[in-house]
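Thank you all for making time this morning. I would like to walk slowly through one structure, so please keep the sequence and the picture in view while I talk.

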Amino acid sequence: MDERGRQAESPGRGAAPAVFVRRAGMEHNTAHTNSGRGLVKNMTTTDDGGQAANAERVADIQAALREAGLDGWLFYDFRQSDPLAYRILRLDPRQFSTRRWFYYVPAEGEPARINHAIEQGKLDALPGRRLVYSSWPRLHEHLRDALAASTPTGRAARIAMQYSPENAIPYISRVDAGTIELVRSLGAEPVTSADLVQLFEAVWTDEQYDSHVTAADNIHNIIQESFAEVGRRIRAGEPVTEYDIQQFMVRRFEELNMTCDGDHPIVSVNANAASPHYQPNAEKFSPIRRGDFLLLDVWAKLKDPGSVYADQTWTGFVGDDPSDEHVKVFTVVRDARDAAIEFVREAIEAGREIKGAEVDDVSRGVIERAGYGEYFTHRTGHSIGEEVHGNGAHIDNLETRDSRRIIPRTCFSIEPGIYLPGNFGVRSEIDLYVGDGRIEVTGQPIQTELVLILKD
């Protein structure tokens, strides 16, 4: 089919930026070189190379703690209750673990590994002294001693944990309330690790950026091919359904060495598109007919290890003459998307710190002023990483108040929507990568008007 989007102006990526932590107007580079690729995310191995890599990771953590003005970072897990701990510390999440373990990284000095006696080698791949317990009093004693080693004079130690006050950012709230109470009882002050987590989870390497660009270009093309396939079948008088087009895209993923990890694209017509996460399957789908409104939400990544996702949503009309309401709603959503892009662009180019919630406010404000606020029922966007919903700042001040900073070498979606129950829904989604003083919208050209699927 014909391309009807225009190229949105977006600066290139530029030189690979380092990771910056900003605090009280300071700017400090916390990334180690790692062959110029920033913070590298690999699983732990037990050979000498793995030990050295883990020691370097701990050094990175300590540098980030000092820059953030924190005294330490306490990692805790019980039966895989905190997947973030395994990823950040490069531990194998498949390892057998039935007892509580703690790993404490002070801003200065030697870390401490606290394990149960029957699993005391669990953290041996990590640097630090081993502390073994069997009884709960002994566990409390080891925790008190580990935390005391970095407690400053005259105040409680400020210890980062996977905790979010009032559960404001539930993606970070991995530590149970009882464990938080325990740490407080030992004289420390738990604080959220939210911004630290994204330094080690959401920051991309150069290879991950490249994988995203390839995936974004592929997804853009697959979306255009899917609209064309709908048009071909309608013109030929062949039946076509939401499920047919979904599976057409899944087959294209395979042909391009891509995966959606079994979570297949959204293809929705008319009232189905008014349900944001509606997905057809082999038993539940609707036909696509002339005169229908069609939404395609497509996400996938390359199958290569460490690859990151791309995620795009387009909408179209199966015909050449959409209703005035179709055009009006699409225009409002597009303008809300573009307002958020420009807000981020201006802030990044000016070196001004912004948070995910602020970007949501900008996009949501456009839709509210147009009178559709009650029909925009989800956050504006999400972090993108090795999972399609990543562990960096989300563009959200609706479902949660995401106070995490937008930092370099991270990527997130901007995808405002308006959903009119029983009628139709519009979402327009792009991916925005934050580089060194500039941004890039990938998967060009982005959509600027409804795709008219049967237009000659």
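Predicted model: local features only at pLDDT ≥ 70, side-chain atom pairs only at ≥ 80, totals over all residues.

Let me start with a question: does D338 count as buried or partly exposed, and at what relative accessibility? D338 counts as partly exposed, at 22% relative accessibility, and since buried means under 20%, that residue falls outside the buried class.

The partner of D338 is R337, and the two side chains meet in a salt bridge, with 2.8 Å from N to O. R337, for its part, is buried, with a relative accessible area of 0%.

R252 counts as buried at 18% relative accessibility, whereas E225 is partly exposed, its relative accessible area being 29%.

A further salt bridge joins the side chains of E342 and R345, at 3.2 Å from N to O. These two are three residues apart in helix α8, which covers residues 324-350, so about one helical turn separates them. Here E342 counts as partly exposed, at 34% relative accessibility, while R345 is buried, with a relative accessible area of 11%. There is also a network of salt bridges, and it links E229, R232, R233, E238 and D244.

The largest nonpolar core has 41 residues, and I288, L294 and L296 are the ones with the most contacts inside it. At least two residues of this core come from each of α6 (206-236), α7 (242-255), β10 (266-269), β11 (293-302) and β12 (310-317). The largest share, nine residues, is supplied by α6.

Which residues does L296 touch, if we leave out those up to four places away in sequence? They are I223, S226, F227, I245, M249, I266, V267, Q312, T313 and W314. Apart from this core there is a second, separate one of 31 residues, and V58, Y103, L126 and I407 are among its members.

Just after α6 comes G237, which takes a positive phi of about 75°.

The side chain of E201 makes a polar contact with the side chain of N391, at 2.8 Å.

Finally, a word on the cysteines. How many disulfides does the structure hold? The number is zero. C260 counts as buried at 5% relative accessibility, and C411 is buried as well, with a relative accessible area of 2%.

Methods: Residues numbered from 1 in each chain as written. Heavy atoms only, no water. Polar contact = N/O pair within 3.5 Å; in protein donor to acceptor, adjacent residues only side chain to side chain. Core = buried A, V, L, I, M, F, W, Y, C linked by side-chain atoms within 4.5 Å. Buried < 20%, exposed > 50% of the residue type's maximum accessible area, 1.4 Å probe, protein only. Helix = DSSP H or I, 4+ residues; strand = E, 2+ residues; numbered from the N terminus. Contact = heavy atoms within 4.5 Å. Salt bridge = Lys/Arg side-chain N within 4 Å of Asp/Glu carboxyl O. Disulfide = S-S within 2.5 Å.
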